[in-house]
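Student: Hey, I'm new to this one. Can you walk me through a few bits of it?
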Amino acid sequence: MKDFQNIVLKTQDLFIGYTSKKKENVIAGPINIVLEKGQLIGLVGTNGIGKSTLLRTLTSVQKALKGEIFINSKALVTYNPSDLAKQLSLVLTEPVASKNLSVFELVALGRQPYTNWIGNLSKEDIDITNNALQQTNIEALKSKKCFELSDGQLQKVMIARALAQETDLIILDEPTSHLDMYHKAYILKLLQKLAKETGKTILFSSHEIDLAIQLCDAMIVMTKDDVISGQPCDLIANDTFNQLFPNDLIEFDKNTGSFKVRK
């Protein structure tokens with residue numbers, strides 16, 4: 001039995017996809033997932049399976065075909081944009097609009113849902129921004145311009161901006177793309193630490209399945225037939241990861257919790 005007070009996001013018989021010329025193109029469904037407070041959740045699946053479509057639907061960027069999404073027990077469709085921005089922050093892989101901003105200025109943009117219409121920062125806004133810089137270990141970059149940063153540093157800045165937004169739920173679309181193996185592990189380890197320390201629910205999509213298995217509290221696995229969620233150990237026991245790829249080339253090794261190439 002789930003503790004409803006701990007449920008931050010829930011879907012009920014959700015179908016995702018596109019509508020064109022009055023015809024529905026269903027990508028996945030029914031999807032029934034529950035994300036709890038303080039969890040790090042990895043969303044995995046092959047290229048083109050619908051991970052980004054699911055994230056866009058969960059964040060109201062795209063309409064659901066059918067079913068319901070609840071954030072903090074309230075239906076997603078009933079939120080207006082400004083109220084939703086206080087519940088949910090989104091980190092995309094798209095380039096930053098203005099790299100001429102300083103790191104502090106970009107992180108402070110996370111305060112927009114709370115600032116007055118002129119956008120002036122209060123002392124509280126400045127304190128929250130500085131705290132977000134501290135939580136992501138980037139205080140030393142505070143005055144640097146964003147165009148001076150490496151991809152790994154910029155990703156930490158975007159995570160800090162999401163923290164400054166002070167939402168219960170943070171959703172990241174492939175936060176480790178374009179990073180080397182060290183920085184992939186660093187970013188996911190940072191997300192794990194933030195989920196534990198802040199109590200925020202952090203959902204991210206990734207191709208780093210092996211790392212996600214090691215670091216996540218729960219995972220959502222999208223296959224061509226189903227969307228399955230659970231703890232990594234249960235998903236391993238149920239052979240869920242073997243459903244991800246055709247088994248002629250790679251297979252999932254239960255003993256090591258990782259994929260290996262067939263010899």
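Predicted model: local features only at pLDDT ≥ 70, side-chain atom pairs only at ≥ 80, totals over all residues.

Student: Which residue does K254 form a salt bridge with?

Tutor: That's D239, with the closest N and O atoms 3.4 Å apart. D239 sits in the loop between α8 and β12, and K254 in the loop between β12 and β13, so the pair ties together parts that are 15 residues apart in sequence.

Student: Is D239 buried or partly exposed?

Tutor: D239 counts as partly exposed, at 36% relative accessibility.

Student: What about T240, buried or exposed?

Tutor: T240 is buried, because its relative accessible area is 3% and the cut-off for buried is under 20%. Leaving out residues up to four places away in sequence, T240 touches V221, I228 and L235.

Student: Switching to α6: how far apart are its end C-alpha atoms?

Tutor: They are 26 Å apart, which agrees with the 26 Å that 18 residues should span at 1.5 Å a residue.

Student: What caps the N-terminal end of α6?

Tutor: D180 does, with a side-chain oxygen 3.2 Å from the backbone nitrogen of Y182. Just after α6, G199 has a positive phi of about 75°.

Student: Which residue does E197 pair with in a salt bridge?

Tutor: E197 pairs with K193, the closest N and O atoms being 3.6 Å apart. They are 4 residues apart in helix α6, so about one helical turn separates them. E197 is exposed at 55% relative accessible area, while K193 is partly exposed at 31%.

Notes:
Residues numbered from 1 in each chain as written. Heavy atoms only, no water. Helix = DSSP H or I, 4+ residues; strand = E, 2+ residues; numbered from the N terminus. Expected span 1.5 Å × (residues − 1). Polar contact = N/O pair within 3.5 Å; in protein donor to acceptor, adjacent residues only side chain to side chain. Buried < 20%, exposed > 50% of the residue type's maximum accessible area, 1.4 Å probe, protein only. Contact = heavy atoms within 4.5 Å. Salt bridge = Lys/Arg side-chain N within 4 Å of Asp/Glu carboxyl O.
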